[in-house]
Amino acid sequence: MSVTDPLPPVDDAGDPPARLHADDLVDFVAASPSSFHAAAEGARRLREAGFVEQDETLPWDASAGGHYLVRDGALMAWWVPEGASPASRFRVVGSHTDSPGFKLKPDPQLFQHGYSQLGVEVYGGPLLNSWLDRELGVAGRLVSTDGEQHLVRTGAVARIPQLAIHLDRGANDQLTLDKQQHTAPLLDMVGGTSVLEVLAEQAGLRPREVAGHDLVVFPTERGGYFGDFGQFLACPRLDNLSSLHASLTALLAATADGGTDVPPEAGGDIAVLAGFDHEEIGSASRSGANGPVLEDVLRRTARALGADPDQVDAMITGSSCLSADAGHAVHPNYPGHHDPVNRPLLGAGPLLKINANQRYATDAVGSALWRRACDAAGVRTQPFVSKNTIPCGSTIGPLTATRLGLRVVDVGTPLLSMHSAREMCAVDDVYALSLALAAYWRGA
């Protein structure tokens, strides 16, 4: 297939592979209402594929095959090929498990004017108006007094109702939402059941046994397709579960059948998946990209392979990372917000993200690495650069490059409505991203 050919239209069963990938993405997102659930769902899939969990408090296992660990809301997985040694390098794909939204306050019960509401903090930079008038659930983890963690989730239990147009005649001209006053989800009438009591019961705990919680609000509506041929997907948390899912799918494809799908040109390179938490709020945590979790995996794996301190540093310095995160497609209703020349489109392939001020870590050498992977996968790619008058966002890419000194390239899927409660992508793009990531891990 040439890089200009369309993706394969159907598989042997008669179903478009891009649609099958997107169907699985929708299932993955539905199973991942919080970063903790996303890490757990990824771990479940890895276990089913034969990956073995690594206990971080025990000696490190660098035997041939797949390994993984979950650290809070972060998921790390790595595949050690036969013959791996201190001469090997790491091929890393990084993404993140968290999405912008709302997090419950320590005491989340809020009673106002006869209603029971949820007290929440804004997490990251969500489009606040997109959360109005949606049925919402609560999910995350409870930690009991004995230190055990319990994953919990509800169905649709809350809603942030918008003020009627009759009471705010200027809402269509300028909608201003106060983050404290206007974003508290309505839960029940005063006297109703506490959401913490409901979640504690679900976890098999008494309320007094709950010592702490990390809980978020999430839209309960599943992803769905639209367009003349169902070519578009509307779904929560595409930023950045679409990249985490693509990398999981790619890792399992590249290491299928005991790694026999990895050709000789990949040599003894070790494939690493890094799904970080807390990217939306700066990554400064033990499970974030600015923390030690990836470095721990790389260094401990290198040492377990017999590398001395100098060899460990050489293994890391000679390695590379694709930082896979969502990016912006050109918006047809707001063309003036985009660069006049570099205008990525939905359905035209994953992005190569570039910024002169290193808000993205891509350079010319990294660009060539990414284009080789796309050529090997038979998919198109398109550059993204911000308009000069609009500040550029950032990713885990520069953090990873700065912290570890390895080559990092920022890539990802183009979206519309980024940071909305319901984002939008093209079905072909999320599939193409997975194909390119698999090609990178196979040695392209």
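W370 touches L322, P350, L351, L352, T381, V409, V411, L433, A436 and L437, where residues up to four places away in sequence are not counted and contact means heavy atoms within 4.5 Å. The structure is a predicted model, in which local features need pLDDT of at least 70 and side-chain atom pairs count only at pLDDT 80 or more, while totals for chains, interfaces and linings use all residues. Residues are numbered from 1 along each chain as its sequence is written, and side-chain values use heavy atoms, with hydrogens and water left out.

**Helix α7**

- In helix α7 (residues 309-317), V312, M315 and I316 are buried, where buried means under 20% relative accessible area, exposed over 50%, and partly exposed in between, with a 1.4 Å probe and protein chains only.
- Seen down the axis of α7, the buried residues fall within an arc of 95°, so they line one face of the helix; the arc is that of the directions from the helix axis to the C-beta atoms.
- An α-helix has 3.6 residues a turn, so residues three or four places apart point the same way.
- On the other side of α7, D310 and T317 are exposed, whereas the cover over its buried residues includes β4 (90-96), β13 (270-276), α6 (293-304) and α9 (396-404).

**D339**

- D339 is found in the loop between β15 (327-328) and β16 (351-353), and, leaving aside neighbours within four places in sequence, D339 is in contact with V385, S386 and K387.
- D339 is buried yet has no salt bridge, the nearest side chain of opposite charge being R343, 6.4 Å away; a salt bridge is a side-chain nitrogen of Lys or Arg within 4 Å of a carboxyl oxygen of Asp or Glu, and Lys and Arg count as positive and Asp and Glu as negative, with His and the chain ends not counted.

**E197**

- E197 is found in helix α3 (residues 195-202), and at 41% relative accessibility E197 counts as partly exposed.
- E197 and D313 are 116 residues apart in sequence and 50 Å apart in space, C-alpha to C-alpha.

Definitions and conventions
Helices (H or I, at least four residues) and strands (E, at least two) are DSSP runs, numbered from the N terminus.
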